[in-house]
Amino acid sequence: MTNLVPMDVSVQCELFGDAEETERLERLDLAIDALGERFGNTCVKRAAELTDEVMSGLDIKRDNTVHPVGFLR
């Protein structure tokens, strides 16, 4: 056996997937999250968001925030 991890670390094994690709995507997600924390939620965007008028005005964090009822009154 190779690449064993401690039992407290949960890892979903893939039957047909590429473990290196999965790890690369996880590192990419962590890097994007770190950039968002440092420079704000809109610092990293998809190319489609830059070219599409409807998508260019979206703020995912603002638009998906659930506000308590008292906030809206």
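Patches are made of residues with over 30% relative accessible area and no salt bridge, with like charges joined within 9 Å and nonpolar side chains (Val, Leu, Ile, Met, Phe, Trp, Tyr) within 5 Å. Accessible areas come from the Shrake-Rupley method with a 1.4 Å probe. A salt bridge is a side-chain nitrogen of Lys or Arg within 4 Å of a carboxyl oxygen of Asp or Glu.

The model is predicted; local features need pLDDT of at least 70, side-chain atom pairs count only at pLDDT 80 or more, and totals for chains, interfaces and linings use all residues. Residues are numbered from 1 along each chain as its sequence is written, and side-chain values use heavy atoms, without hydrogens and water.

Mean pLDDT (the predictor's confidence in each residue, from 0 to 100) is 77 for the protein chain, and 77% of its residues reach 70 or more. Helices are DSSP runs of H or I with at least four residues. Where pLDDT is low, the predicted coordinates should not be read in detail.

Leu25, Leu28, Ile32, Leu35, Phe39 and Val44 form a nonpolar surface patch of about 490 Å². Leu35 lies in helix 1. Its relative accessibility is 37%, hence partly exposed (buried is under 20%, exposed over 50%, partly exposed in between).

A patch of negative charge on the surface gathers Glu14, Asp18, Glu20, Glu26, Asp29, Asp33 and Glu37. Asp18 sits in the segment before helix 1 (19-39). Asp18 is partly exposed, at 43%.

Asn41 occupies the loop between helix 1 and helix 2 (47-51). Asn41 and Arg62 are 21 residues apart in sequence and 9.2 Å apart in space, C-alpha to C-alpha.

Note on methods:
Lys, Arg positive; Asp, Glu negative; His and termini not counted. Charge placed at Lys NZ, Arg CZ, Asp CG, Glu CD. Helix = DSSP H or I, 4+ residues; strand = E, 2+ residues; numbered from the N terminus. Buried < 20%, exposed > 50% of the residue type's maximum accessible area, 1.4 Å probe, protein only.
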